[in-house]
Amino acid sequence: MKKPLKKVLSLMMVLALFALPLSALAEGGKLHTVKLSNFEVKINEEEPIKVDLSFESTFGMDADNFYYAAKADAGKNPVANFQLSGEDETLKLKLDGMKSNYQITMADLEQLMKAGMESATGAAAAEMPFDPEDLQKMVESYVEMIQSLSETEKLDEVSFRQMLDEAGIAYESKAEQAQVFDETIDATRYDVNLTLDDMDKMMAYIGQKVPAYKDYMDAYVDFMQKAMAASGEGIEIDKEHLIKSMYAELGVDLTVGMSVWSTEDESKTRVELNEVVAITTEGDETKTETVKMPCVVEAITTDDAQKMRMTMDMDAQGDQMNFTMDIDAQGPKGAQKGLMTMKMTVAEKDAPLVGMDMRCTYDETAKEFDFRMAVDAEDVLVNIGLSSAKNGDASRVTLAVDATEKEEKLFAFSLGFDFAQSEAELPAGQLLDLSDKPVVNIAQLTQEDAAQFQTDVTTVGIMGYGALMQTEGVAKLLSMAMTAATQMITEVSEQMEAAA
């Protein structure tokens, strides 16, 4: 692949990260489509409003080409249909309703981008603030790392002691009992003072076990260093001593003290963070700060369940704040079906500030899940629900949010829609055919072409807006939004007048 196409391809990959599941990106030569349709909205006690809209997004790529399309329909009327491809070292663009299609060679596009930066910055030798090839490499390695997550099982097979020994991290150990939840266990205690060098050793060890992790970190460092150098704030980072060199740039040395108690089979574990010692150097002045970290993590793992609790009590620092989080997962580790609950509380001087309860059931095979969360903060209770259930070839997704204050309802909102995914082979040969209309070369755009482009885009926008306004439910939603906005403005004005 030639360099100019790589630059656009890398940017498309980043955009696709936000639009499609990572698994889609991992499969080259495929077209992946996501479609949302059959919307229904309910606000407070109003009758549900059906909104006949659909949105569809398609992305596909191989080693040399990419294709992206975004489509919106209002009932049977099209709102917008946009297509973009990169093939044969040419970027092609098509928008339904335009009188022309557009294209530009990658070489010309690179020159236009450079000229645009020169115009914006006044710099004669403007360069992009990063190398797109580094960006592409980082995204590709990130996808590979996601694919390789199953390799973390190699780490699960390694005991804590073995990991410390193989990574070359110093520790002290002895037999000692410990408390895990409400149970006293016979365990081995490990005391470790992790230095920045030790943290780098740990990263290197993980990289040996999961090579894709190291590849991603290397690509990330390359990208960040060049991007910061282009911005005039270059830093030197040693990949073999990544953490230490990054802290060195800040003039900080760090040591983390921790104790770990674990049964022989490591099914029951207790971890205590003792303290963090930070030494900061600014010029000739050195400052040492020791921060107590009264944080405890307890975990129990069996073949069919995992439990974890984390508590942090800040009373030792005079803040008198405490934090507790409990996680309980039912189902074999890595199973496609199960239940997870989580409770979290934040309190000050034993007075609750924020509480959260979460419950999630999931069945990946049936493509179903049900998520419920309640957040209680200073007399305001917010309930959030997100669920998905099989609905023919699609899944019905429902989001519901309601809030009450001292048992008085503040608002309630729900949104439901069908969610469908499909996959097809990336077509061989031409991905986007522009022969149905005159083709304009963007690099040779005339004033007349630019004026026509602006007119066409405006026309497409007006036609799309008209289709929206004729769609069931859209006009009513806009009317309700305008009414709510007017009421809010009125209330704010009245409050300002009262304050004056």
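Helices (H or I, at least four residues) and strands (E, at least two) are DSSP runs, numbered from the N terminus. The structure described here is a predicted model, in which local features need pLDDT of at least 70, side-chain atom pairs count only at pLDDT 80 or more, and totals for chains, interfaces and linings use all residues. Residues are numbered from 1 along each chain as its sequence is written, and side-chain values use heavy atoms, with hydrogens and water left out.

Backbone angles make a handy place to start. Most residues other than glycine have a negative phi. Asn38, which is not a glycine, has a positive phi near 55°. This residue sits in strand β1, which covers residues 30–43. With a relative accessible area of 42%, Asn38 is partly exposed; here buried means under 20% relative accessible area, exposed over 50%, and partly exposed in between (1.4 Å probe, protein chains only). Phe181 also shows a positive phi, of about 55°, without being a glycine. Its place is the loop between β7 (172–180) and β8 (183–195). Phe181 counts as buried because its relative accessibility is 11%.

Attention then turns to charged pairs. Across the whole structure, the search finds 19 salt bridges, a salt bridge being a side-chain nitrogen of Lys or Arg within 4 Å of a carboxyl oxygen of Asp or Glu. One of them joins the side chains of Arg270 and Glu298, at 3.9 Å from N to O. This pair links distant parts of the chain, with Arg270 in strand β10 (residues 268–282) and Glu298 in strand β11 (residues 285–301), 28 residues apart. Both partners are tucked away by the accessibility cut-off: Arg270 counts as buried at 16% relative accessibility, and Glu298 counts as buried at 7%.

Another salt bridge brings together the side chains of Asp326 and Arg309, at 2.6 Å from N to O. Here, too, distant parts of the chain are linked, since Asp326 belongs to strand β13 (residues 321–330) and Arg309 to strand β12 (residues 305–313), 17 residues apart. Asp326 is partly exposed, with a relative accessible area of 23%, and Arg309 counts as partly exposed at 26% relative accessibility.

A further salt bridge connects the side chains of Asp418 and Arg396, at 3.1 Å from N to O. Asp418 lies in strand β19 and Arg396 in strand β18 (residues 394–405), so this pair ties together parts that are 22 residues apart in sequence. The two partners fall into separate accessibility classes: Asp418 counts as buried at 9%, whereas Arg396 counts as partly exposed at 23%. Salt bridges also form a network, which links Lys174, Glu176, Arg189 and Asp191.

Patches are made of residues with over 30% relative accessible area and no salt bridge, with like charges joined within 9 Å and nonpolar side chains (Val, Leu, Ile, Met, Phe, Trp, Tyr) within 5 Å. For charges, Lys and Arg count as positive and Asp and Glu as negative, while His and the chain ends are not counted. The place of a charge is taken as NZ of Lys, CZ of Arg, CG of Asp or CD of Glu. A patch of negative charge gathers Asp376, Glu378, Asp379, Glu405 and Glu408 on the surface. Of these residues, Glu408 is found in strand β19 (residues 408–425), and Glu408 counts as exposed because its relative accessibility is 55%.

Leu410, Phe411 and Phe413 make up a nonpolar surface patch, with about 250 Å² of accessible area together; accessible areas come from the Shrake-Rupley method with a 1.4 Å probe, and for residues only the protein chains shown count as cover. Phe413 is placed in strand β19 and is partly exposed, with a relative accessible area of 31%.

The whole structure contains zero disulfides, where a disulfide is a pair of cysteine sulfur atoms within 2.5 Å. Cys295 is buried, with a relative accessible area of 5%, and Cys360 is buried as well, with a relative accessible area of 15%. Val143 belongs to helix α4 (residues 132–147) and is buried, with a relative accessible area of 7%. Val143 and Tyr216 are 73 residues apart in sequence, and their C-alpha atoms are 8.8 Å apart in space.
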